[in-house]
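This report covers the disulfide, the aromatic pairs and the charges over rings. Please look at the sequence and the structure first.

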Amino acid sequence: QVRLVESGGGTARPGGSLTLSCVASGGANRVTAMGWFRQALGKKREFVAVRMRGSVGHYGDSVAGRFTVSREEDTIYLHMNNLKVEDTAVYYCVADPIFSLAYYSQQDRYESWGQGTQVTVSS
């Protein structure tokens with residue numbers, strides 16, 4: 001059973017930067033795709049980014065050009081730049097044994113989920 005543990009959440013100012021980390025354990029063969037979703041209070045869960053092992057990142061429209069994902073084995077990082085107030089949310093690490101170019105932005109395509117880490121952007 002895969003365990004995903006996020007870290008690095010906190011508070012940042014608009015225009016600032018923050019980096020999140022997620023470490024996977026217990027299922028190396030089930031984390032081919034690793035990525036991030038987020039959910040603000042009272043809103044639906046939203047796709048943020050995903051990266052298949054050995055490949056490039058894919059990003060949601062709301063964060064493209066500002067956020068970047070990188071991977072080192074079973075660890076994924078979310079580098080958030082030029083943060084906006086609307087980026088405030090709980091960020092969840094996700095993983096799955098396969099990657100789908102057609103469905104990677106759908107939350108039901110991910111087998112494993114972390115508990116989430118809070119990111120707050122305010123002045």
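Which hand does the link of Cys22 and Cys93 have, and what is the angle about the S-S bond? The link is left-handed, with -85° about the S-S bond.

## Basis of the report

This is a predicted model: local features need pLDDT of at least 70, side-chain atom pairs count only at pLDDT 80 or more, and totals for chains, interfaces and linings use all residues. Residues are numbered from 1 along each chain as its sequence is written, and side-chain values use heavy atoms, with hydrogens and water left out.

## The disulfide

A disulfide is a covalent bond between the sulfur atoms of two cysteines. Here it is counted when a pair of cysteine sulfur atoms lies within 2.5 Å, and by this rule the count comes to one disulfide. Cys22 is joined to Cys93, with an S to S distance of 2.0 Å.

Cys22 belongs to strand β3 (residues 18-25) and Cys93 to strand β9, so the pair links distant parts of the chain, 71 residues apart. Strands are DSSP runs (E, at least two residues), numbered from the N terminus. Cys22 is buried at 0% relative accessibility, and Cys93 is buried with a relative accessible area of 0%. Buried means under 20% relative accessible area, exposed over 50%, and partly exposed in between (1.4 Å probe, protein chains only).

## Aromatic pairs

A pair of aromatic rings is described by the distance of the centres and the angle of the planes. Rings of Phe, Tyr and Trp (its six-membered ring) pair if their centres lie within 6.5 Å; planes under 30 degrees apart count as stacked, over 60 as edge-to-face and the rest as tilted. The count by this rule is six aromatic pairs. One of them is the edge-to-face pair of Phe37 and Phe47, with 5.5 Å centre to centre and 70° between the planes. Because Phe37 lies in strand β4 (residues 33-39) and Phe47 in strand β5 (residues 46-52), the pair ties together parts that are 10 residues apart in sequence. Phe37 is buried at 2%, and Phe47 is buried at 8% relative accessibility.

Tyr92 and Trp113 also form an edge-to-face pair, at 6.2 Å centre to centre and 65° between the planes. Tyr92 is in strand β9 (residues 89-96) and Trp113 in strand β10 (residues 112-113), 21 residues apart. Tyr92 is buried at 16% relative accessibility, whereas Trp113 is partly exposed at 28%. Ring pairs link Phe37, Phe47, Tyr92, Phe99, Tyr104, Tyr110 and Trp113 into a cluster.

## Charges over rings

A charge sits over a ring if NZ of Lys or CZ of Arg is within 6 Å of the ring centre and within 35 degrees of the ring normal. The charged end of Arg45 sits over the ring of Tyr92, 4.9 Å from its centre. For Arg109, the charged end sits over the ring of Tyr103, 4.1 Å from its centre.

Notes. Helices (H or I, at least four residues) and strands (E, at least two) are DSSP runs, numbered from the N terminus.
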